[in-house]
Amino acid sequence: MERKNTFNEIAKEYEKYRPPYPEQLFRDILDYTELKSNDEILEIGCGTGQATRGFVNFGYSNITAIELGENLAELTREKFKDRPSVRIINSQFETWNHESAKYNLAISGTAFHFIQPQELGYRKVFDLLENQGSVAFFWTVHVPSYNEPYNEIRELYRKYAPQLDDSQNPSLEQIIEDRSKLTLKDGLFTDLEVKHYTWDHLFTASEYISLLNTNSRHRLVTEDIRNELFREIREVIESHGGNLVKPHAVASFLAKKNPVEGHYSNGER
C-alpha cells in the first residue's frame with residue numbers, strides 16, 4: 001500500500017487525533033492573498049477537512065476540494081453538508097478532469113508531497129489558477145525532541161522500526177529550503193513567502209499512541225511489529241507520569257502565479 005492511501009483506512013481516527021492547524025496560519029494566508037469572500041479556492045487533498053474548516057471559519061466557502069480517499073471524502077462531505085458551495089470531489093488530483101475551471105487560490109495541507117511527479121503537480125496548479133492567483137501549501141513537520149522520555153522512545157524505534165528513527169529526519173530548516181526550491185522551480189511561481197508556526201501539545205499515553213497510528217509511515221509497519229512498538233511506547237510514557245508534551249510545527253509556503261510564465265506553453269521559452 002502507498003503512504004497516501006493509508007489515511008483512508010482510519011478517517012475517523014485522523015479527524016479525532018490530528019491537532020488542527022493554527023488560526024494564525026489562515027490569517028497570514030488571507031493577508032498575503034487579499035482573497036475576496038466570493039473568490040474560488042481549490043484544495044488538493046482535503047483529508048478530513050481541517051484546512052477546509054479553517055477557511056470556512058473566516059467566511060470563505062467557495063471551495064472545491066479534491067480527495068483521493070473515498071472514506072475521507074465522505075467524512076468531509078458530511079461535515080460540510082450545510083455548505084453547498086463546499087464541493088468535495090473523490091478523485092486523484094493528477095487525473096482529475098477540471099473542465100477548464102479557474103481558481104483564485106490553491107491550498108494544500110500536509111498533502112501536496114503525495115502528488116507525483118511534483119513538477120507536473122505544480123504545473124497543473126499553475127494552469128488552474130487565474131493570472132492573479134496564489135498558492136498556499138503548508139505541512140505539519142515533525143520536530144524531534146532529545147529529552148526524556150523521547151530518548152527512550154527513540155531506542156524503541158531503533159529496535160522495532162529503524163526506518164522511523166526521527167534523528168534521521170531532515171530538519172525544519174532543510175525542509176523549508178527544499179520546498180522553497182520546488183515552489184520556485186521552472187519559474188511558475190514568484191514572490192515566495194515562507195512562514196512557520198510552533199507550539200506544544202499535551203497528550204495522554206493513549207492519545208499519543210492514537211496519533212502515531214494515524215501516521216502513514218507507521219501504518220506501513222506490519223501490524224504485529226506496530227502493536228509491540230506501540231505497547232512499549234505506551235509503557236515508557238506511563239512510566240514518566242502518563243503524559244507527553246509534543247512539539248509541533250507547521251511550515252507554510254505562499255507564492256503568486258508568475259504572469260510572465262503564463263505567456264509560454266508548458267514552461268518553454
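Thr204 is found in strand β6, where helices (H or I, at least four residues) and strands (E, at least two) are DSSP runs, numbered from the N terminus. The model is a predicted one, in which local features need pLDDT of at least 70 and side-chain atom pairs count only at pLDDT 80 or more, while totals for chains, interfaces and linings use all residues. Residues are numbered from 1 along each chain as its sequence is written, and side-chain values use heavy atoms, with hydrogens and water left out.

At 31% relative accessibility, Thr204 counts as partly exposed; here buried means under 20% relative accessible area, exposed means over 50%, and partly exposed lies in between, with a 1.4 Å probe and protein chains only. Leaving aside its neighbours within four places in sequence, Thr204 is in contact with Gly242 and Asn243, contact being defined as heavy atoms within 4.5 Å. Thr204 and Val245 are 41 residues apart in sequence, and from C-alpha to C-alpha they are 8.8 Å apart in space.

From this residue we can turn to the sheet. Seven strands form an open sheet with mixed pairing, in the order β3-β2-β1-β4-β5-β7-β6, and two strands are said to pair if DSSP finds at least two bridges between them. Because β3 (86-90) and β6 (189-204) stand at the edges, each with a single partner strand, one side of each is left without a neighbour in the sheet. The twist averages 15 degrees from one strand to the next, and such angles run from 0 to 180 degrees between the N-to-C directions of axes, which are lines fitted to C-alpha atoms, for helices over the stretch in contact. Within the sheet, strand β4 (residues 103-109) and strand β5 (residues 129-142) pair in the parallel sense over six bridges, and the bridge partner of Ser108 in β5 is Phe137. Helix α8 (residues 172-184) lies across β5, β6 and β7 (243-257), and runs at about 145 degrees to β6.

A pair of aromatic rings is described by the distance of the centres and the angle of the planes. The structure holds eleven aromatic pairs, where rings of Phe, Tyr and Trp (its six-membered ring) pair if their centres lie within 6.5 Å, and planes under 30 degrees apart count as stacked, over 60 as edge-to-face and the rest as tilted. The rings of Phe26 and Phe55 have centres 5.3 Å apart and planes at 80 degrees, so this pair is edge-to-face. Since Phe26 lies in helix α3 (residues 23-33) and Phe55 in helix α4 (residues 50-57), the pair ties together parts that are 29 residues apart in sequence. Phe26 is buried at 4% relative accessibility, and Phe55 is buried at 0%. Elsewhere, Phe112, Tyr122, Phe126, Phe137 and Phe189 form one aromatic cluster.

Some details of the backbone also deserve attention. Most residues other than glycine have a negative phi, and most peptide bonds are trans. A cis peptide bond, with omega about -10 degrees, joins Gln116 and Pro117, and Pro117 lies in the loop between β4 and α6 (118-128). Glu34 has a positive phi of about 55 degrees although it is not a glycine, and at 65% relative accessibility Glu34 counts as exposed.
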